[in-house]
Amino acid sequence: MELRQLAVVVAVAEEGGFTAAAQRLRTVQSTVSTVVRALERDLGTPLFHRTTHRVVLTPAGEAFVPAARAALEAAERARAAVSPVAGRVRLGVSPGLLTDLHHVLAKLQQAHPGLAVEVRQLPDLEARRAISESTMDLALTLTPGCPGEPIAESVAEDDTAVRRSAPPTELVTSLLPSEDLVLATAPGGSRPAPADLTELSLVDFPPGWAIREAVDRAFPGRRVRLEVDDLAVAAGLVRAGLAACVLPASAAARFGDLTVRRFGRPPSWQLAAVHRAGRSAAVAAVLAQLG
């Protein structure tokens, strides 16, 4: 039994499904299913009841998951004891950008109890300016340009970072794992998403939200019928059949009852982390969790 297997089972239990767990773990559903089946064979008992619409724990799963979660927490504490990171990171996040922020912060707290992360919502340009002026240590933004359009860059020596000159401060833009934008519609049906959204009634988010910016770039001709500033409210409108919504795949996976329809040529949801050159150990720890 491996820690990775325990992490996968806990993710499926907490997210309520294999697809949502795969999004959280940044892998594919088939890998999650394979890991769970292998562990169930080793244990000699199923951990989940699988139905068409939901996944629920079996009695064995109900007993197993708390123990698995405790083992993972113990492993994180042991890892932090060997190489603890302390200090403070001031994190600026564009509104609507990081839909799983709570998972990121929870894992950071487990791994580095001495690390304090202060989060502020800042528009993209303001966040970058805050890094230059040293009022923020790290900013999460959308990459510039259209989804899928390469940005002018030169790869830095240490990782996948992109170095830019922003006198008088040198900034580094580190690309985070990308995902697709998908179309969320009311429960039922599995047709692919149409390439042209002009005939659909859509719910969207206010100008200044990262999701709104990405969808504006990808589908400039669409008609926005409803505008809300909350993911759960948008999902409720979709669930009621009042509108459809374009979302990052990980955000759509949070609402497992909705139908996720994929585009033939899916627009990309590409995030980036901006920080000063010569990052601190605390910033490096946050970046490691984001990646």
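Glu40 is buried, with a relative accessible area of 11%, below the 20% limit used for that label. The model described here is a predicted one.

**Glu40 and helix α3**

Glu40 belongs to helix α3. Its side chain makes a polar contact with the side chain of Arg50, at 3.0 Å. Setting aside neighbours within four places in sequence, the residues in contact with Glu40 are Thr45, Pro46, Leu47, Phe48 and Arg50.

Helix α3 covers residues 29–43, and at 1.5 Å a residue its 15 residues should span 21 Å. The C-alpha atoms at its ends are 21 Å apart, in agreement with that expectation. Besides Glu40, the buried residues of α3 include Val32, Ser33, Val35, Val36 and Leu39. Viewed down the axis of α3, the buried residues fall within an arc of 165°, so they line one face of the helix. Arg41 and Asp42, on the other side of α3, are exposed. Just after α3 comes Gly44, which takes a positive phi of about 80°.

**Aromatic pairs**

A search of the whole structure finds 3 aromatic pairs. Two of them are set out below.

| Pair | Centre to centre | Angle between planes | Arrangement |
|---|---|---|---|
| Phe18 and Phe48 | 6.1 Å | 65° | edge-to-face |
| Phe219 and Phe263 | 5.0 Å | 35° | tilted |

Phe48, one of the residues in contact with Glu40, lies in strand β1 (residues 48–50). Its partner Phe18 lies in helix α2 (residues 18–25), and the pair links parts of the chain 30 residues apart. Both Phe18 and Phe48 are buried.

In the pair of Phe219 and Phe263, each residue lies in a loop. Phe219 is in the loop between α7 (210–218) and β10 (224–227), and Phe263 is in the loop between β12 (259–261) and β13 (268–269). The pair therefore ties together parts that are 44 residues apart in sequence. Phe219 is buried, and so is Phe263.

**Nonpolar cores**

In soluble globular proteins, nonpolar side chains tend to be buried together. In this model, the largest nonpolar core has 54 residues. Those with the most contacts inside it are Leu138, Leu140, Phe205, Leu247 and Trp269. Helix α10 (residues 281–290) supplies the largest share of this core, 6 residues. Apart from this core lies another, of 20 residues, among them Val8, Phe18, Val55 and Phe64. Phe18 is thus listed in this core as well as in the edge-to-face pair.

What does Leu138 touch, not counting residues up to four places away in sequence? The residues touched by Leu138 are Val89, Arg90, Leu91, Gly92, Ile131, Ala273, Val274, His275, Val283, Val286, Leu287 and Leu290.

**Ala272 in strand β14**

Ala272 is found in strand β14, residues 271–276. Ala272 is buried, with a relative accessible area of 0%. Which residues are in contact with Ala272, leaving aside its neighbours within four places in sequence? They are Ala139, Leu140, Thr141, Thr143, Thr173, Ser174, Leu175 and Leu176. One of these, Leu140, is also among the residues with the most contacts inside the largest nonpolar core.

How values were computed
Residues numbered from 1 in each chain as written. Predicted model: local features only at pLDDT ≥ 70, side-chain atom pairs only at ≥ 80, totals over all residues. Heavy atoms only, no water. Helix = DSSP H or I, 4+ residues; strand = E, 2+ residues; numbered from the N terminus. Expected span 1.5 Å × (residues − 1). Buried < 20%, exposed > 50% of the residue type's maximum accessible area, 1.4 Å probe, protein only. Arc of directions from axis to C-beta. Polar contact = N/O pair within 3.5 Å; in protein donor to acceptor, adjacent residues only side chain to side chain. Contact = heavy atoms within 4.5 Å. Core = buried A, V, L, I, M, F, W, Y, C linked by side-chain atoms within 4.5 Å. Phe/Tyr/Trp six-rings, centres within 6.5 Å; stacked < 30°, edge-to-face > 60°.
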